[in-house]
Amino acid sequence: MEKITSQSIDWSNLGFEYIDTGMKFRAYYKDGKWDEGHLETDANLTMHEGSTVLHYGQAVFEGLKAYRTKDGRIQLFRADQNAKRMNESAKRLLMPEVPESLFIKGVKEVVKANADWVPPYGQGASLYIRPFLIGTGPNIGVKTAPEFIFSIFVTPVGPYFKGGLVPAKFLITDFDRAAPKGTGAAKVGGNYAAGLMAGKLAKEQGFADAIYLDPATKTKIEEVGAANFYGITADGRFVTPLSDSILPSITKYSLMHIAANDLGLEVVEQEVPITMLEDFIEAGAMGTAAVITPISYIQHGDNKRYHFYSETEVGPITKRLYDRLVGIQYGDIEAPNGWIQVVE
């Protein structure tokens, strides 16, 4: 099989798949402290067979992107918020926090080292950055690991859902993503493992992904696959679910800011009963990978279907939200203070 290089890539036809770009950043935690971290080339990790990540799922991760601007600069979008969220996730799993300075240093170093893999401006593509933290070292008891690895790799990506910004249909699942008072608000690997079956079954039925209800009562909308949900009402409200089981999406809070400050919408975080879906004229899923995926309709059971703006066209408010956020990320629109960091 021919090796993919940054010179051989068709940037306009990238999917959302792993490509080995060569350079990774790694830092190691041992004897109660982190080392300074350094770049490595090996895509494989070596760890002890007793590592807690292998047996007890002690793993958290993040996802963010680097963007090529029109003038050729490379910039990050709100990387400090990813650092903070990773540490909140780490605390939930009794893992050592990664100092924000180490997180940002690692992200910048690995992006700079793989600069040839940052897609050109105007291709609708970006460099996806995957930091992760895992428990390693000799252990067999159900307890936190003696050692940890913080690692970052990058890969160029196109749209998460095929076709980009086009409406997709979703299916409400009977499966739970996380337990009440569980790890739903942390970005831990186990939450995504728990969602594999629901996502597979939804896709086999022709849907983009599954929608999860609250695990306690099964009456309220929570997450859309691995993304957050929003709905737009006819009277100009941007509504997104509020729950202790939802991952706090950086894309969501950015869109909430844009909705309120740039579009003049009333932004509301609240419980969203299934019946409230009837109030929305537009709806979508939002997250780092997909940015925004407009929702055409949501299927609930065999007989109930909630339709939104269109099955083929993007709603006008969703389009404005998307254009504004992507414009900021690619440097075409001035960003709110602190949202952008340049890789030099």
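Tutor: Lys319 has a relative accessible area of 38%, so this residue is partly exposed. Its partner is Asp323, and the two side chains form a salt bridge with N and O 2.7 Å apart. Asp323 is also partly exposed, because its relative accessibility is 35%. This is a predicted model, so these values describe a prediction. Both residues belong to helix H7 (residues 316-329), where four residues, or about one turn of the helix, separate them.

A second pair is found in helix H5. There, Lys200 and Glu204 form a salt bridge whose closest N and O atoms are 2.6 Å apart. These two residues are four residues apart in helix H5 (residues 196-204), which means that about one helical turn lies between them. Glu204 has a relative accessibility of 54% and therefore counts as exposed. Lys200, at 46%, is partly exposed. The line between these two classes is drawn at 50%, so Glu204 falls above it.

The third pair is of another kind. Arg26 and Glu40 meet through their side chains in a salt bridge, with 2.7 Å from N to O. This pair links distant parts of the chain, since Arg26 lies in strand E1 and Glu40 in strand E3 (residues 38-40), 14 residues apart. Arg26 is buried, because its relative accessible area is 3%. Glu40 counts as buried as well, at 17%. The cut-off for buried is under 20%, so Glu40 still qualifies. In general, side chains of opposite charge can pair when their charged atoms come close. By the rule used here, the model has 15 salt bridges.

The largest nonpolar core has 40 residues, and the members that touch the most others are Trp34, Phe103, Val111, Ile129, Leu133 and Phe150. Strand E1 (24-30) is one of the elements that give two or more residues to this core, and others include helix H2 (79-92), strand E7 (126-136) and strand E8 (147-157). Helix H3 gives the most, with six residues. As for Val111, leaving out residues up to four places away in sequence, its contacts are Ala66, Ile74, Leu76, Val118, Leu127, Ile129 and Val343. Another core, of 23 residues, lies apart from this one, and its members include Ala168, Ile221, Phe280 and Tyr306.

Key:
Residues numbered from 1 in each chain as written. Predicted model: local features only at pLDDT ≥ 70, side-chain atom pairs only at ≥ 80, totals over all residues. Heavy atoms only, no water. Core = buried A, V, L, I, M, F, W, Y, C linked by side-chain atoms within 4.5 Å. Buried < 20%, exposed > 50% of the residue type's maximum accessible area, 1.4 Å probe, protein only. Contact = heavy atoms within 4.5 Å. Salt bridge = Lys/Arg side-chain N within 4 Å of Asp/Glu carboxyl O.
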